[in-house]
Each structure stands twice: as structure tokens, then as C-alpha cells.
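This briefing describes selected local features of one protein model.

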Amino acid sequence: MFKAPRGTVDILPQEQAYWGFVRDKAEIASRLYGYQRIDTPVFEKTGLFYHSIGAGTDIAEKEMYTFDDRSGDSMTLRPEGTASICRAYIENGMHNLLQPVRLYYLGPIFRYERPQAGRYRQHQQFGCEALGDEDPVLDAEIIDMACNLYTSLGLRGLTLRLNSIGCKSCRPSYLEKLREYYSLHDKQVCSDCKIRIERNLLRVLDCKEDSCQDTINGAPRISEHLCTDCAAHFESLKEYLGFLQIPFELDPHLVRGLDYYNRTVFEVQPEGEGAQNVLGGGGRYDGLIEQIGGKPSPGVGFGTGIERVILNLKKQDIVPPPAPGPEVYLAYQGEEARKEAVKLAGELRRDGIGITMATGNKRLKTQMKQANTLGMIRVIIIGDEELWDNSVMLRDMEKGEQKKVARGKLASLLKKLSF
Ligand code: HAM
């Protein structure tokens, strides 16, 4: 028997109310802040990800779904959204538009990770990117939008962690200090960090191994080694977050798991969760577009996994509004009535009235039970008598009352009742 691949799930109809709820709120937030939807392919040339998220990151080294297509070109299922958005920005000449260009996306992301609660090999991500402007107003806007989305969903007890990781002019001297420190502490770190020290030093700060945490905590702090421009950018961001009344905690060791970030990085963490299960995160990536072949254009953005948002909604007992569906059930008694019911269902649906129709030769009592289980508000019944006088019986399920209605008046009555 076939099963869904490990780390993937079917999103069943009973879960769809949660998904609709989160998607709707994400779209409302995007509109509120002036972000326009963009959809990019779910796979890209592998090189795009090596040149953006960084060849030495866990994602590029261990988690990408990479394959050769039939022409022998190496392709990768996107392990995140930002690189594709930047590729689309360059390819579609968006630098010629009025800057910043504000975009959002919602779609599947693929990472070969160890599956656990809130961690999948295919997850859905909502992300926003503001491209072409380095104003810290945009960093504040992106963070505000993330917070606004979570608040509009009713989520409570979230912590915003914030850091600045400098730029290409101030980071090298910081890395020297970090290297000095790790050369004195390299015995205490995990085997992955030993490799990181050689290949991609900043990544040691992103290690999640318990055995490395004390070493990380004692490490020099990048935020104390920022150049004047980066320090001023960070100060402005903090000031704007104050204006927006967004509380934050400074986390001097937050670097995030992707190499393209500079200056601002942030994560939103639910109560009682470790750094592994952040709800959403993002930051600034001013060198990325140039790095993948575009004209130098700054950018800032964030992403949040829908599954993780839903997990937290459930933990906090937040129930989404039910997904809208037909409120009217069409029942019949006998073969002739069934034919009439098929015609009537067609007419009503074309008139914009949702109908769930009975099927087979179930007794009327069974059909009524089914309507009840489905939560139908009204039931239309066609039997011999209704066939004969061209009417229907219309039952109000809540009141338990029913009345005869002429076929010609049914549609307008149902429309009136549904308002
Ligand atoms: P990320 O932190 O790797 O950032 O992922 C963003 C969010 O996606 C996470 O906070 C989490 O909610 C969700 N997520 C990541 N991996 C998984 C997984 N395996 N299962 C379930 N959910 C997951 C990025 O991807 C950046 N592109 C965000 C960004 C946009 N930065 C700037 N712009």
C-alpha cells in the first residue's frame, strides 16, 4: 500500500478551515501593507540556491531535493522562497519599476529535514519581500506585518528576537575575533561546528546542538562590532519598532540559517518553544540580488510556515470560522423525484445557490440524518405530491419546521433566507 512520503501530509477537508483562515489573514495583511502576489516555479536551477542561501549552510549541504532533469541540468525543488523572488525581480526587469517593489508569495517549500511536530519535508510558506530600498522603515514594516498577521489570527505570547549581523565591510573584522575565540574553544564544539569553523564560520552561531550552546553564549557579539552605517541602521529600526509599539528582545547570537542575510535578522518565537520551532523569521539581504547576477539592489523580507502557524493556533485553542459550503441539502423520494431533483439542483446552482444532493436509494429518514450531520441549514424535499403540484417541501433544520413552496418561487426565497 502506498503512503504519503515521510515528512509530508495530506491536508484533509476537516483541516481546510484552518488553512483558509491563515491564507485569508495573510492576504488581508499583504493588502494592508501594499504587497502584491507573485508566484514562481517550485523548482529552479540548483546554482541559484548555492549562490544565494550559501553552499556551506545546512540547507544546501543536507536538505535540498536536487535532481538532474532529462536534459542533464541540475534542478532543485525550492528550499525557500527569497532566492526565487530575487531571480524573478532581475529576470523581469523589476528594478525599472518604482522602488521598493513589495511582493508576497504562498506556496510549497521542500527541505529534507528530520520530520517532527511542525517540521516537514514539504511545508507551505507565506513570505513577503520588499526589494530595491535599504530604508530601515522597510525592516520595521516587514516586522510589523509579521506581527500584525499573528495578532489578527489571535496568537498570543510571541517573542520577537532581533539582531544586526553587519555588512561586508564590518563583518570580516568581527569574524577575525570570532575565529580567535573559537580557536581557544574548538575542543568543546560538535563535529559539525569543527567543519563550520573551517568553511563558514558565522554558521557556528546557528548551531542547535546543546553541547555548543555554552560556547556560543561566550562568543563575541557581532552587534558590538558594527560599522557606523550598520549601527545607525539598527538604531533607526529599533526606534521605528518603538513607534509601532512592537516589543522585541535583542539576541546577540541570532544569525539565522541562510548566508544571504546582512544587517537586520529576526525571528518570532512562540511561548515555550525552542529555537528549532520558530514561527517565522526573516531579515535584510542587501547583497543577494547582485550575488545572483542583478544590479546591486537591497532587500528585506520574512517567511512563516503555515503548518507551524496552525500548530500554534491549535495549542492556543483558536478555532477558525467554518469553511463556507452549501447550506441547502436536496432530498427526494423515488425514481421520478430523483430525476426532478437532478434538474432542480442544476437550476439552483446556476442561480448561485450551493446544493449538496442526496444520492442512491436511501430512505428519506437516512437522507435527513445525513443533512443533519453535514450541518445543513435547510433541506428541500421532493416526493410524489411535490412532483404532482410542481412544488417542493422546504425544511428549516434549526426550527424543525417545514412548508410547501412553489418551484417558481424557490430560488428567490432561498436567496432571501441566506441574507
Ligand atoms: P526560514 O527561517 O528558513 O526562512 O523559514 C521561514 C519559516 O518557514 C520558518 O520560520 C518556519 O515557520 C517555516 N519552516 C521552515 N522550515 C520548515 C519545515 N521543515 N517545516 C515546517 N515549516 C518550516 C526562510 O525560508 C527565508 N526565505 C525567510 C525570508 C524571507 N527571509 C527574508 N525573506
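Predicted model: local features only at pLDDT ≥ 70, side-chain atom pairs only at ≥ 80, totals over all residues.

**Helix packing: α12 and α15**

- The crossing of the two helices is right-handed.
- On the α12 side, the contact is made by E340, L344, E347 and L348, and on the α15 side by R407, L410, A411 and L414.
- By residue class, this contact between α12 and α15 comprises five nonpolar and three charged residues, with no polar ones.
- In general, residues three or four places apart in an α-helix point the same way, because there are 3.6 residues a turn.

- Helix α4, residues 82–91, is mostly covered, with eight of its 10 residues buried.
- The buried residues are T82, A83, S84, I85, C86, R87, A88 and Y89.
- The elements that cover these buried residues include the strands β2 (43–45), β5 and β6, together with the helices α2 (46–54) and α10 (288–291).
- After α4 comes G93, which has a positive phi near 60 degrees.
- The loop between α4 and β5 contains P100, and the peptide bond joining Q99 and P100 is cis, with omega about 0 degrees.

**E113 in the β5–β6 loop**

- E113 is located in the loop between β5 (101–110) and β6 (122–131).
- The relative accessible area of E113 is 13%, so this residue is buried, the cut-off being under 20%.
- A polar contact of 2.4 Å links the side chain of E113 to the side chain of R119.
- Leaving aside residues up to four places away in sequence, E113 touches E63, R119, Y120 and R121.

**Positive phi in residues other than glycine**

- R256 has a positive phi near 70 degrees and is found in the loop between β8 (249–250) and β9 (262–269).
- R256 counts as buried, at 10% relative accessibility.
- D317 has a positive phi near 55 degrees and is found in the loop between α11 (306–315) and β12 (328–332).
- D317 is exposed, with a relative accessible area of 66%.

Key. Residues numbered from 1 in each chain as written. Heavy atoms only, no water. Left-handed = near helix turned anticlockwise from the far one by under 90°. Helix = DSSP H or I, 4+ residues; strand = E, 2+ residues; numbered from the N terminus. Contact = heavy atoms within 4.5 Å. Nonpolar A, V, L, I, M, F, W, Y, C, P; charged D, E, K, R; others polar. Buried < 20%, exposed > 50% of the residue type's maximum accessible area, 1.4 Å probe, protein only. Polar contact = N/O pair within 3.5 Å; in protein donor to acceptor, adjacent residues only side chain to side chain.
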